[in-house]
Amino acid sequence: MSGWGLAGQRPSSRARPDSDTIGNPEHGCSLQMAVRSADGFNHVHSEDAMALSRLAQEFAAEIAQHDWSDAPWRMDRAGHSRTSDSPSRRTEQVLTEEETDRVRTNVMWVAAQVLGHADPQFDVHEFAEACGVNTSRAAKSSWIENGLRTQVGLYMQPGTRKFDPLTEVVTTDTSDAYHASTNCTLFRRGYQHAPIRRFAPGEVPANRKPCQCITLNRT
Ligand SMILES: [Zn+2]
């Protein structure tokens, strides 16, 4: 995976200045845009601010093109398609469209857990769309997010039910709380574009209260 630049680029382990700001208060999604430019991932910008990293796009392209409709009955290479099977190899059994979408959705979630853990700007809705998942129910509920192992916007580590160890905590001059990272949804919700202050765990000013993201089960 080293060719993708994932190694050593976890957000929590990157060197950061003692104080910085995120984004431009005049733009609603500037927080994401600014962080994206510094996150080490090769995001390809589309017509708006939301865009998948190149790695996420390529995972989605493989998941979308693979024919999952006969997945329980045969093993084939990535990119398998029933339409190119010879009649003798084509399975008689085939999943319904709904069953096929369930398989595809599970595959999408597994890949999304890794991508979201590695990339703070990962957008699971955009990824699901790109994977060819039927997202028509998405507007009515948060069922796509519910397939991920996350809390307050933070992803559990792949293969575990634990979150990353605390290497630093963040707060701002205008906040009375401190957080595990700027990816915490509660931090983002209350962010007022004040400079971000970073502290080693245990060295936070005593007048700051821990956000719930601090108390997550960690490795
Ligand atoms: Zn938090």
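Predicted model: local features only at pLDDT ≥ 70, side-chain atom pairs only at ≥ 80, totals over all residues.
Q: How many helices and strands does the chain have?
A: Helices (DSSP H or I runs of at least four residues) and strands (E runs of at least two) are numbered from the N terminus. Along the sequence you can follow them as β-α-α-α-α-α-β-β-β-β-α-β-β. The totals are six helices and seven strands.

Q: How are α2 and α3 oriented to each other, roughly parallel or roughly antiparallel?
A: Helix α2 covers residues 54-65 and helix α3 covers residues 97-118; they pack with their axes 11 Å apart, at an angle of about 165 degrees. Axes are lines fitted to C-alpha atoms over the stretch in contact, and angles run from 0 to 180 degrees between N-to-C directions. Angles under 35 degrees count as roughly parallel, over 145 as roughly antiparallel, 65 to 115 as roughly perpendicular and the rest as oblique. The two helices are therefore roughly antiparallel.

Q: Is Leu 55 buried or exposed?
A: Leu 55 sits in helix α2. From Leu 55 to Leu 115, 60 residues away in sequence, the C-alpha to C-alpha distance is 8.2 Å. Because Leu 55 has 22 C-beta neighbours inside 10 Å, it counts as buried.

Q: Which residues does Ala 56 touch, not counting residues up to four places away in sequence?
A: Two residues are in contact if their C-beta atoms, placed from the backbone, lie within 7 Å. With close sequence neighbours, up to four places away, left out, the partners of Ala 56 are Leu 115, Phe 122 and Phe 127.

Q: How many residues does the largest nonpolar core have?
A: A nonpolar core is a set of buried Ala, Val, Leu, Ile, Met, Phe, Trp, Tyr and Cys residues joined through C-beta atoms within 7 Å. Those with the most contacts inside the largest core include Ala 56, Met 108 and Leu 115. Helices α2, α3 and α4 (124-130) each supply at least two residues of this core.

Terms used. Residues numbered from 1 in each chain as written. Buried ≥ 20, exposed ≤ 12 C-beta atoms within 10 Å, placed from the backbone.
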